[in-house]
Amino acid sequence: MKPNDYHVSMDALASLCKRRGFIFQTSEIYGGINGFWDYGPLGVELKRNIKESWWKSVVQTRENVVGLDSSIIMHPKVWEASGHIGNFKDPMLDCRETKGRYRADQISVLKHKTDDSALMFAFHEEASEPAEKKVKKLAKGDVADYETVPLLDIPVENYDRLVGPETNEPGTLTEPRAFNLMFKTFVGPVEGSASVAYLRPETAQGIFAQFGNVHAVSRQKIPFGIAQIGKAFRNEINPRNYTFRSREFEQMELEFFIEPGTDAEQHEYWVTERLKWYEKVGLPEGRMHRDIHEGDALAHYASACTDIMYDFPFGTQELEGIAARGNFDLTQHQECSGKKLEYLDDESKERYIPHVIEPSAGVDRIALALLCEAYRVEWIPKGGGEVLTAEPGVERAPEGYEARTVLRFAPCIAPYKVAVFPLLKNKEELVGKAREVFEQLNERWTCFYDHAGAIGRRYRRQDEIGTPLGVTIDFDTLEDDTVTVRDRDTMEQVRMPISELETYIAERVRF
RNA sequence: GCGGGUGUAGCUCAGUGGUAGAGCUUCACGUUGCCAACGUGAUUGUCGUCGGUUCGAAUCCGAUCACCCGCUCCA
């Protein structure tokens with residue numbers, strides 16, 4: 001498949017998605033709420049197809065991957081073990097210059113006892129020595145004139161005179177902010193610290209927490225995987241770019257447990273596998289990229305992480321992260337729960353905590369990428385001839401052309417597979433036959449029946465929602481039981497017997 | 001979180017203090033023998049929300065919410 005050379009504007013896409021029922025703002029009648037979206041009749045079909053295709057590719061067709069559906073709210077200790085609470089319950093601040101990040105409660109400040117306009121020097125816990133040197137060097141002052149106060153006692157207005165722990169410049173520290181992005185709730189009717197729980201910020205921890213049970217019942221040997229699709233919640237500071245960064249979203253995650261030492265080859269294997277899948281669902285190679293994390297960008301426990309990126313109209317952004325996480329998660333859960341999460345290798349009789357490769361994909365981001373990729377406006381010459389791709393931002397067709405908006409979804413993920421039309425609605429025989437064909441096909445695929453208005457208008461309406469095939473019942477049908485099948489992309493038609501329809505469609509739309 | 005912009009019918013938008021509008025869409029009927037045809041008719045709005053000024057507010061003022069752009073953030 002060729003990359004779409006049409007550049008959709010996010011406004012035009014959002015407008016179509018609302019008009020045709022892909023995506024609505026949540027609780028719109030109350031003014032909406034930032035970072036939450038609803039999927040309409042077409043959007044829900046699109047997402048179902050994405051999830052089904054992923055499940056087939058990652059679970060169904062692999063004997064060594066099994067599924068799981070864990071609960072959204074889990075024991076709060078799960079998030080202590082995973083590090084989601086510990087790292088982020090405290091206010092953090094950043095240094096703009098060194099990119100360092102500090103816990104505000106661990107930073108102290110050397111402040112002049114009397115001169116409020118003097119420079120102040122931040123330092124980390126008890127390591128006051130560098131700050132004392134800076135007092136002499138930068139402020140030409142005497143440490144005896146300075147007192148040590150907690151950073152949290154310094155008003156934010158005075159941060160422009162505050163020198164960060166690892167710089168010599170004042171004013172590089174940001175305001176301390178609470179960085180816990182987990183949604184908090186309470187289990188049971190009484191709100192109190194004992195009943196605090198969290199909406200999961202990722203589905204992965206549900207898999208790690210059930211590793212023992214799943215392994216015990218599934219008769220799997222390493223390497224094997226546990227996969228899960230489900231909602232996750234992150235209280236993002238700033239949701240942006242339509243549905244791209246939402247506070248409630250759906251993940252498709254695989255934890256693939258492996259023998260230590262095979263991390264690199266297994267990681268590369270899954271990156272390749274996943275890229276093949278993206279191509280299959282309609283995201284062309286030319287628009288996909290690997291972002292390979294190295295050095296500081298890599299979590300301390302990870303040996304590799306590759307983001308799979310797509311060229312969105314608003315920039316190249318992550319659809320999926322594939323991380324080699326070592327045995328960090330299982331080790332953490334083993335320690336925090338006190339339950340063994342080891343694997344016994346039957347042949348070598350060795351016990352070890354498995355390492356894991358984690359491909360973690362965002363359903364909503366993939367849906368958005370597919371919409372961006374599929375959307376295009378074409379200019380069709382009225383007298384026949386070459387179809388042009390509309391110029392970016394100019395949707396009105398030039399003289400002699402008419403515009404066609406079309407979603408060129410890969411057939412396997414299109415919300416409707418087939419539309420069925422009687423050529424005319426006021427001829428009972430045509431309508432009756434069309435209903436018959438529709439009901440036959442609708443048993444097998446999501447189909448759409450329409451008899452309203454001119455046939456051309458009905459074709460174009462289906463183009464705009466990406467239905468790949470249109471079956472039309474005309475007067476010849478009544479004579480010889482043949483129909484025309486119209487292709488969304490070429491707009492060309494072939495005539496075939498109704499008896500051959502199912503085979504033909506199955507070939508065109510299979511996952 | 002900061003700065004700027006926007007908010008009127010399902011969509012795109014006009015309307016600068018005095019009767020709420022257009023085009024498209026949708027629906028019905030008629031017409032229509034394959035690519036957004038035509039005719040007739042119909043539905044659609046607390047003018048984002050709340051408050052203030054005014055005899056009177058879509059219009060002026062304030063707050064708030066949502067969306068967009070740029071910074072910031074993104075375990």
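## A word to start with

Two residues are in contact when heavy atoms of theirs lie within 4.5 Å. Keep that in mind as you look around this structure, which is a predicted model.

## Meeting Glu-464

Let's begin with one residue and its surroundings. Glu-464 sits in helix α11, which covers residues 455-465. Which residues does Glu-464 contact, leaving aside its neighbours within four places in sequence? They are Leu-16, Arg-19, Arg-20, Thr-405 and Leu-407.

Is Glu-464 buried or exposed? Its relative accessible area is 10%, and the limit for buried is under 20%, so Glu-464 counts as buried.

## The whole chain

Now step back and take in chain A. Its C-alpha trace spans about 105 × 65 × 50 Å along the principal axes, and the chain holds 13 helices and 28 strands. Of its 511 residues, 49% count as buried.

How do the contacts run along the sequence? Take the contacts between residues at least 6 apart in sequence: 65% of them join residues at least 24 apart.

## Inside: the nonpolar cores

In soluble globular proteins, nonpolar side chains tend to be buried together. In this model, the largest nonpolar core has 60 residues. Leu-13, Phe-22, Ile-50, Met-252, Tyr-278, Leu-371 and Phe-409 are the ones with the most contacts inside this core. Helix α9 (residues 363-374) supplies the largest share of the core, with 9 residues. Another core, of 21 residues, lies apart from it; Leu-430, Leu-469, Ile-498 and Val-509 are among its members.

Not counting residues up to four places away in sequence, Phe-409 touches a list of residues including Phe-22, Leu-46, Leu-370, Leu-371 and Ala-374. Ile-465, Gly-466 and Arg-488 are also among the residues that Phe-409 touches.

Which residues make a nonpolar surface patch of about 220 Å²? The patch is made by Ile-72, Ile-73 and Val-187.

You can find Ile-72 in the loop between β3 (65-67) and α3 (77-82).

Note on methods. Residues numbered from 1 in each chain as written. Chains lettered and ligands numbered in written order. Predicted model: local features only at pLDDT ≥ 70, side-chain atom pairs only at ≥ 80, totals over all residues. Heavy atoms only, no water. Helix = DSSP H or I, 4+ residues; strand = E, 2+ residues; numbered from the N terminus. Buried < 20%, exposed > 50% of the residue type's maximum accessible area, 1.4 Å probe, protein only. Core = buried A, V, L, I, M, F, W, Y, C linked by side-chain atoms within 4.5 Å. Patch = residues over 30% accessible without salt bridge, like charges linked within 9 Å, V, L, I, M, F, W, Y side chains within 5 Å. Areas by Shrake-Rupley, 256 points an atom, 1.4 Å probe, with all protein chains shown as cover. Salt bridge = Lys/Arg side-chain N within 4 Å of Asp/Glu carboxyl O.
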